[in-house]
Amino acid sequence: MIQCTGAPLTEPAFRERVSAMPARSGAEYVESIRKQPPRVFLGGRRIADVTAEPVFQEPIRAIAEQYDMQQDPAYRDVMTYPSPTTGEPVSTSFLVPYSREELVKKRKHFKLRADHNFGFMGRSPDFMNQFVTGWHLMADRFARAGARFGENATRYYEYVRERDLFLTHMLINPQIDRSKTSAQQEDPYFHLGRVRETADGIVVRGAKMLGTMAPITEEVAVIPFGGVAPGDDAYALAFGIPSSTPGLTFICRETVSPLPRSRFDHPLSSRFEEMDCIAVFEDVLVPWDRVMVDGSPGSAEVINTLGADYGALLNVQTSARMLSQLEFFCGLGMKVADAIGITGFLHVQEKLGEMLSQMEIARAVFYGAEAMAQRLPSGVWVPGGHGLRAFHLQTGKVYSRFVEIVQTLAAGGFFYAPSEADLQSPELRPMIDRYVRGRAGVSAEERIALFKLAWDATGEAFAQRMAQYVRFYSGDPIRLTAGFYTQYDKAPLFELVERALGRRDGVPLPITPDDPGAPIPYQPGTRGMAGTYAATSLPSSAPSRAPSTQ
Ligand SMILES: Cc1cc2nc3c(=O)[nH]c(=O)nc-3n(C[C@H](O)[C@H](O)[C@H](O)COP(=O)(O)OP(=O)(O)OC[C@H]3O[C@@H](n4cnc5c(N)ncnc54)[C@H](O)[C@@H]3O)c2cc1C
């Protein structure tokens, strides 16, 4: 059996680390992944030291920059808050907001991180920091299978927070045969499942389909997404272990940013590639203190009833990223149009206006959700209304449209953008300066740089992966959108129709409440994700419009 090398979360060791590791610097992060290398394969090669591998170096640098921001006087007040355990600064992404002001602080922090990379890094550390904060907030629900599981959720959150670790997450099983449950697959361990338990923990075997950034992370968090089918208790697993755990292998996809990388030629992809990989677990022992759901009988029920009210906080992180990206695309579209003198054409103005109006709707939703913030019975503040979730469900389409508009405006201009090397050639430079320039006042070098940026964002393999990411980053948009409909509190809307039909004559017109309505669970129920939708759209009953903790 392969032992997990993760340091046990015994209290004395934990305390020692607490005092040793407030919000880290970039150098500390890099040193950590160099010292504890995960088992990574790229292009058939075993990568012994990811920090020395050119494919990973720039993304590592980008992540390290975010760690450095925590110590930068210009950002540290937004990036950090005092640890409830030690008083030392820790990342704001771990902050549990017990006031509206703390919710605002979290939002500013998420947006700052997203602006750092124009929203091209969806899985920067703050994403998983918020994710494990959600685990902590749901500790009582993990505890339904035993008090220790709830304690583990909180201690794991504190462990990650105090060590300022960088995590990846693995939710989805490999596709293999989606018409079957995990237990029904040809091999019971195609999907990651529990093999047995020992005195030390649970032994797990199988694969998880995608772990973005896994090769350059320090921990892996596993939990099923979208519900667990009946009979699949052994696959209802939630735990966190070091990425370097023996028996855990990451097989990377091909890079979407081939080497050598020139910042001029590929301003985004040269820096912000988020590597994806499949994770294979070969009889990995997960120590008991790292287990939140152990795959024993009844575990599916625990996963399926976890609830997702704290998903609203994670949605602030993902929406901040999306908004930063839409803002960037608006700037890009207008600059591209301006560089070649097409901003006077009506259809170009209409397209740019379309982008700007979509961006403004996104801004209104993003900040408006905060204005409607709600205090849950637990005392935790979350963004209010359904706007962030609705925004999330639409982002794939909006993003694709933004890409299409930038491509429509740039047209063939992408393809006469010589490289940095061409610009450096004394023989070519005069021709390039003369013929590759833009409108009066826009030099060839400026036009080329701009169009390269636009192609990097919309055309390169990097851009295609990004578009697919935006579509799927929080699950299948088709089922999630259908779930939004099935779970929506329809009664007030049906009531309008009843009034229009004259069936409420004599009943006073209700004054619209300020209350944005009962929260909708962040993801549809298991049946929805399994594709079995309600046959009717009868009004859902909404006995209480108070926020729920379920
Ligand atoms: C770039 C990228 C990065 C990602 N990074 C991560 C990561 O870091 N961690 C992670 O855990 N996941 C990650 N994911 C995975 C992501 O969570 C999934 O892609 C997403 O949940 C959709 O699941 P799937 O890809 O397995 O699609 P599938 O569920 O296999 O769906 C494929 C198609 O079949 C349809 N379909 C399948 N089953 C049903 C059904 N029961 N009813 C109706 N229609 C059905 C879907 O609508 C879809 O059109 C990433 C995905 C991408 C694209």
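Okay, to get us going: which residue in S10 does Val40 stand opposite? It's Phe250, and I'll come back to that sheet in a minute.

Housekeeping first. What you have up there is a predicted model, where local features need pLDDT of at least 70, side-chain atom pairs count only at pLDDT 80 or more, and totals for chains, interfaces and linings use all residues. Numbering starts from 1 along each chain, following the sequence as written.

So, the overview. The protein chain has 20 helices and 14 strands; these are DSSP runs numbered from the N terminus, H or I of at least four residues for helices and E of at least two for strands. Of its 550 residues, 46% count as buried. By buried I mean 20 or more other C-beta atoms within 10 Å of a residue's own, with exposed being 12 or fewer and partly exposed in between, and the C-beta atoms placed from the backbone. If you take contacts between residues at least 6 apart in sequence, 77% of them join residues at least 24 apart. A contact here is two C-beta atoms, again placed from the backbone, within 7 Å.

Let's zoom in on S1, residues 39-42. Strand S1 pairs with S10 (residues 248-252) in the parallel sense, over 3 bridges; for two strands to count as paired, DSSP has to find at least two bridges between them. Besides that opening pair, Arg39 stands opposite Thr249 in S10. S1 also pairs with S2, residues 45-47, this time antiparallel and also over 3 bridges. There, Leu42 stands opposite Arg45. The hairpin of S1 and S2 has 2 residues between the strands, and Gly43 takes a positive phi near 55°.

Leu259 and Pro260 are joined by a cis peptide bond, omega about -10°, and Pro260 is in the loop between S10 and helix H9 (269-272). Then Phe118, which isn't a glycine, has a positive phi of about 60°. You'll find Phe118 in the loop between H5 (100-116) and H6 (125-137), and with 20 C-beta neighbours inside 10 Å it counts as buried. Met213 also has a positive phi, near 75°. Met213 lies in the loop between S7 and S8 and has 27 C-beta neighbours inside 10 Å, so it's buried.

In that S7 (201-208) to S8 (219-222) loop there's also Met209. Buried or partly exposed, what does Met209 count as? Partly exposed, because it has 17 C-beta neighbours inside 10 Å. Leaving out neighbours within four places in sequence, Met209 contacts Ile172, Asn173, Pro174, Gln175 and Ile278. The C-alpha atoms of Met209 and Ile172 are 5.6 Å apart, though 37 residues separate the two along the chain.

Now the core. A nonpolar core, for us, is a set of buried Ala, Val, Leu, Ile, Met, Phe, Trp, Tyr and Cys residues joined through C-beta atoms within 7 Å. The largest one has 127 residues, and Val293, Val336, Val406 and Ala454 touch the most other members. Helix H11, residues 311-339, gives the largest share, 15 residues. Where does this core lie relative to domain 1 and domain 2? Between them, because domain 1 (11-304) and domain 2 (311-472) both give residues to it; those bounds come from an automatic or database domain assignment. Apart from that core lies another, of 5 residues, including Tyr81 and Leu95. As for Val293, among the residues it touches are Phe142, Phe149, Leu237 and Ile303.

The contact includes Phe127 and Phe131 of H6, and Leu313 and Leu314 of H11.
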